[in-house]
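Okay, everyone, thanks for coming. Let me put my structure up, and then I'll walk you through a few spots.

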Amino acid sequence: MGWKRKTHHGGSCHQQQSCPSHGNELSAIDEEVSHLTRLKSEPCERTRASLHAGKKRHISTFKLLSGRESNCLGIGRFSSADCSYALRKHLPVKGPWCVDDMDSEAYISQFSADGSLLIGGFRGSHIRIYNAEKKWTIHKDITCKKLRWTVSDIALSPDQRYLAYSSLSPIVHMVDIQNGMRESHANITQVHEGLEFSNDDDGFSFAIFSVKFSKDGRELVVGNNNESICIYDIGSNKVTERIHAHSADVNAVTFADEGSDVLYSGSDDSLCKVWDRRCNKRGKRVGVLTGHLDGITFIDSRGDGHYFISNCKDQTIKLWDIRKMSSTVKDCTPKAYEWDYRWMTYPSEARYFKHPYDQSLSTFRGHSVLRTLIRCYFSPIHRLLEKLLKNSDGMDQ
């Protein structure tokens with residue numbers, strides 16, 4: 001194909017290999033046992049006694065929190081049993097269920113901001129959009145144009161009218177998904193406008209891994225294998241900024257908030273970086289966040305200009321606050337293991353390694369990041385509010 005990806009940390013990214021592993025099966029069993037244990041957990045006897053709750057009486061999360069604040073156990077925190085009991089109400093107990101069955105692998109899935117649409121990107125030049133409010137019926141069936149290997153990323157415009165999709169090529173395509181046509185064949189039944197991101201020097205080797213709309217829908221930002229971030233002005237139909245951002249492939253990039261000035265990026269160099277386009281020195285980061293030990297696969301912003309989450313090949317998701325970022329990169333002892341996430345099991349001895357200068361607020365484990373660039377997202381805000389309102393109604397009753 002004339003394109004060769006550089007290897008950093010957890011290996012290269014989008015060439016699929018598969019090798020069944022006994023270690024993967026054991027890890028899956030461990031996670032399943034842990035999940036079932038949490039679902040059936042009960043609070044410790046001392047907690048029940050202090051809250052005057054009988055053995056079969058349900059204890060609300062509000063009461064558990066009140067007991068913790070009053071230090072009813074005398075340890076200043078929840079016991080492990082109380083943690084599991086509080087958590088079990090929020091763990092999924094139904095599903096998963098099949099929405100669709102395609103002939104090729106689903107590499108990408110993403111909900112719209114309001115949670116009404118689910119978008120799936122498949123290796124076989126296909127994207128499907130499902131209406132979550134109409135029993136997952138197909139809203140749009142898109143046959144893509146000029147893909148190289150797979151759909152590498154998708155982005156929905158803020159007004160939910162346009163979908164941008166990328167591949168391991170220098171072109172991002174845009175398609176109108178609200179024109180009333182269910183079937184969309186690229187440049188046959190509908191125009192898929194192509195936006196060129198490469199320089200003359202980039203040539204055929206330019207590959208895009210991440211694409212996002214700005215909150216006003218006027219710009220697109222991409223991360224690519226040239227270790228750079230590119231910003232495209234849709235109105236003027238050209239790339240307006242190029243930032244040499246990292247020392248390895250930029251797998252993830254997104255806008256921080258409602259404005260279009262602050263960006264977050266993540267790379268195979270294991271670093272998260274913050275960029276402010278208003279700074280006098282364009283192309284110079286305003287901060288860096290360390291804590292991951294391997295290549296970062298995805299970043300999602302909370303949209304408030306402060307918090308974001310990142311997923312990583314070190315099998316963790318981290319929550320960050322950019323107010324804790326530093327101006328320099330702190331040296332970290334090189335990892336003492338080598339693996340390729342496309343086909344190898346993650347080394348068990350490395351699962352709980354910690355970065356000596358971890359700046360993250362929280363670290364989440366228990367999932368696997370294997371074979372492709374696994375995503376992570378905050379829940380859609382209106383769904384979260386809906387849950388909170390239902391929970392508050394339940395407490396009032």
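So, which residue stands opposite Thr137 in β4? It's Asn131. Before I go on, the housekeeping: this is a predicted model, where local features need pLDDT of at least 70, side-chain atom pairs count only at pLDDT 80 or more, and totals for chains, interfaces and linings use all residues. Residues are numbered from 1 along each chain as its sequence is written, and side-chain values use heavy atoms, with hydrogens and water left out.

Back to the strands. β3, residues 126–131, pairs with β4, residues 137–143, in the antiparallel sense over six bridges. Strands here are DSSP E runs of at least two residues, helices are H or I runs of at least four, and both are numbered from the N terminus; two strands pair if DSSP finds at least two bridges between them. Five strands make up an open, mixed sheet, in the order β1-β2-β3-β4-β8. β1 (106–111) and β8 (183–185) are at the edges with a single partner strand each, so one side of each has no neighbour in the sheet.

Now, the rings. Searching the whole structure turns up seven aromatic pairs. For a pair, the ring centres of Phe, Tyr or Trp (its six-membered ring) lie within 6.5 Å; planes under 30 degrees apart are stacked, over 60 edge-to-face, and the rest tilted. Take Phe298 and Tyr377: their centres are 5.0 Å apart and their planes at 65 degrees, so that's edge-to-face. Phe298 is in strand β18 (residues 296–301) and Tyr377 in the loop between β21 (362–364) and α5 (381–396), so the pair ties together parts 79 residues apart in sequence.

Buried or exposed? Phe298 is buried at 2% relative accessibility, while Tyr377 is partly exposed at 34%. The cut-offs are under 20% relative accessible area for buried, over 50% for exposed, and partly exposed in between, with a 1.4 Å probe and protein chains only. Another edge-to-face pair is Trp339 with Tyr346, 4.9 Å centre to centre and 85 degrees between the planes; both residues are buried.

Last stop, Gln190. You'll find Gln190 in the loop between β8 and β9 (193–196), buried at 9% relative accessible area. What joins its side chain to that of Ser184? A polar contact of 2.6 Å, meaning a pair of N or O atoms within 3.5 Å; within protein, one must be able to donate a hydrogen and the other to accept it, and residues adjacent in sequence count only if both atoms are side-chain atoms.
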